[in-house]
Structure formats: structure tokens, C-alpha cells
Amino acid sequence: MSLVRLNIKGISYSQTQSGAYALVLSEVNGTRTLPIVIGAFEAQSIAIALEKEIKPPRPLTHDLFKTFADRFHIIIKQVIIHKLVDGVFYSSLICERDKIEEIIDTRTSDAIALATRFDAPIFTYENILDKAGIYLKMKDTLTIDEDPLSIENLIDEPIPEGKETSFSKETLKQLNEKLNIAIQQEDYELAAKIRDEINKRTL
């Protein structure tokens with residue numbers, strides 16, 4: 001069976017499962033997309049790995065795995081989404097150490113979070129993409145072309161009523177203070193909003 005390479009297209013709030021997110025992978029040389037339901041923690045971890053400007057004050061679980069692997073000279077060569085059973089995707093990490101290759105079973109969400117940290121390519125089999133791949137309508141497509149590293153674009157969760165945030169009355173000094181607090185509290189979505197407001201004023 002032939003392998004098809006995938007890219008991360010975006011992450012959106014799941015409309016079918018409360019508290020979950022839909023990770024959308026897109027076919028590199030095609031128009032099909034592969035949506036995969038993942039948890040909030042994994043969604044945040046993937047978004048942070050793609051967001052280069054915001055660093056968590058403490059390493060997340062996937063960051064710890066990357067540090068551990070680097071220390072012991074283990075690399076992840078690629079991720080393969082190799083099976084789909086009852087709507088659940090199964091994946092493998094193809095790892096290498098001292099030129100010895102190992103295959104490790106993993107949850108797909110963890111595999112993608114690690115792939116982003118190792119710059120490892122993501123693949124699936126043609127038959128899985130045929131079975132589960134869909135063609136998204138333009139209005140439903142989650143693109144990250146305008147700002148590919150924006151957590152706001154990666155996690156498109158509706159803002160609860162009364163939770164809208166405006167920074168128009170804040171000074172740059174206040175914004176920078178709030179940015180530091182948001183990062184310390186690991187509120188990365190708020191940090192991204194504050195960062196974007198700072199960037200608008202300093203351009």
C-alpha cells in the first residue's frame with residue numbers, strides 16, 4: 001500500500017464532541033483532508049509547537065519527551081497513521097538510535113505533537129485516506145496561510161459570551177506585563193491575542 005504525506009492544516013473546536021478538537025491534516029499533493037478528533041491538551045501542545053514565539057515556562061509532556069530523546073540520541077524519522085478501526089486512528093513512531101530502527105505504537109494525537117517537535121513527516125496509507133478523507137468546502141476550510149504560527153488560527157474555539165477581550169485601553173507596558181502573566185499561567189491563547197495586539201502597535 002502506498003503512503004500519502006500529510007501536513008497540519010489547522011485545529012478547530014469540535015462541533016460533535018464537547019471539550020474536544022478536530023485536528024485537520026491535508027494531503028500534500030492532493031485536495032483531501034483527514035480530520036481527527038483529539039483532546040484539548042494535545043491540541044494545545046500541537047499549537048504551541050507550531051507557535052515559535054511563545055515558550056511555556058515549564059516543558060510540556062511532549063517537550064520532555066523531545067529533550068529525553070535528544071539526550072539519548074533518539075530521533076523520530078516519521079509518523080505513520082496506519083489503521084482506522086471504529087473511528088479511532090492508530091499510529092506508529094518510526095524511531096532510530098545508533099542506526100537501529102524501532103517502531104513504537106502511539107496515539108495519533110501524541111504522534112502529531114511529537115512530529116511537530118522533531119520536524120518529522122506525517123504519512124498515512126492511501127486506503128485510510130480513501131475511507132476517512134473528506135473534501136472540505138471553502139467556508140469550512142481552516143487555513144493558516146495568513147499567520148501560520150498563530151494559536152488563534154490553530155485553535156478556533158468560540159469565545160463564551162462575556163469573555164471577549166479588548167486591549168484598546170491598555171498601554172504597551174501593561175500589555176507586556178499581561179503577556180508575561182499569561183505565559184506564566186500557561187494561558188497561551190490569551191498570550192497570542194496580547195502578542196498580536198503588541199505587534200499591531202509596534203509595526
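Student: What should I keep in mind about the numbering and the model?

Tutor: Residues are numbered from 1 along each chain as its sequence is written, and side-chain values use heavy atoms, with hydrogens and water left out. As the model is predicted, local features need pLDDT of at least 70 and side-chain atom pairs count only at pLDDT 80 or more, while totals for chains, interfaces and linings use all residues.

Student: Where does Asp-98 lie, and is Asp-98 buried or exposed?

Tutor: Elements are DSSP runs numbered from the N terminus, helices (H or I) having at least four residues and strands (E) at least two. Asp-98 lies in the loop between strand E5 (88-97) and strand E6 (100-107), and its phi is near 55 degrees, a positive value in a residue other than glycine. For accessibility, buried means under 20% relative accessible area, exposed over 50%, and partly exposed in between, with a 1.4 Å probe and protein chains only. Asp-98 counts as exposed because its relative accessibility is 58%.

Student: What is the phi of Lys-99, and where is Lys-99 placed?

Tutor: Lys-99, which is also in the loop between E5 and E6, has a positive phi of about 65 degrees although it is not a glycine. With a relative accessible area of 78%, Lys-99 is exposed.

Student: How many residues of H3 are buried?

Tutor: Helix H3 spans residues 108-118, and 11 of its 11 residues are buried, so that the helix is mostly covered. Among them are Asp-110, Ala-111, Arg-117 and Phe-118. Just after H3, Asp-119 takes a positive phi of about 55 degrees.

Student: Which residues is Ala-111 in contact with, leaving aside its neighbours within four places in sequence?

Tutor: Contact means heavy atoms within 4.5 Å, and with those neighbours left aside Ala-111 is in contact with Val-79, Ser-91, Leu-93 and Thr-106. Ala-111 counts as buried, at 0% relative accessibility. Ala-111 and Ile-80, which are 31 residues apart in sequence, are 8.5 Å apart in space, C-alpha to C-alpha.

Student: Which residues form a nonpolar patch on the surface?

Tutor: Accessible areas come from the Shrake-Rupley method with a 1.4 Å probe, and for residues only the protein chains shown count as cover. Here Val-85, Val-88 and Tyr-90 form such a patch, with about 220 Å² of accessible area together. Val-88, placed in strand E5, is partly exposed, with a relative accessible area of 42%.

Terms used. Patch = residues over 30% accessible without salt bridge, like charges linked within 9 Å, V, L, I, M, F, W, Y side chains within 5 Å. Salt bridge = Lys/Arg side-chain N within 4 Å of Asp/Glu carboxyl O.
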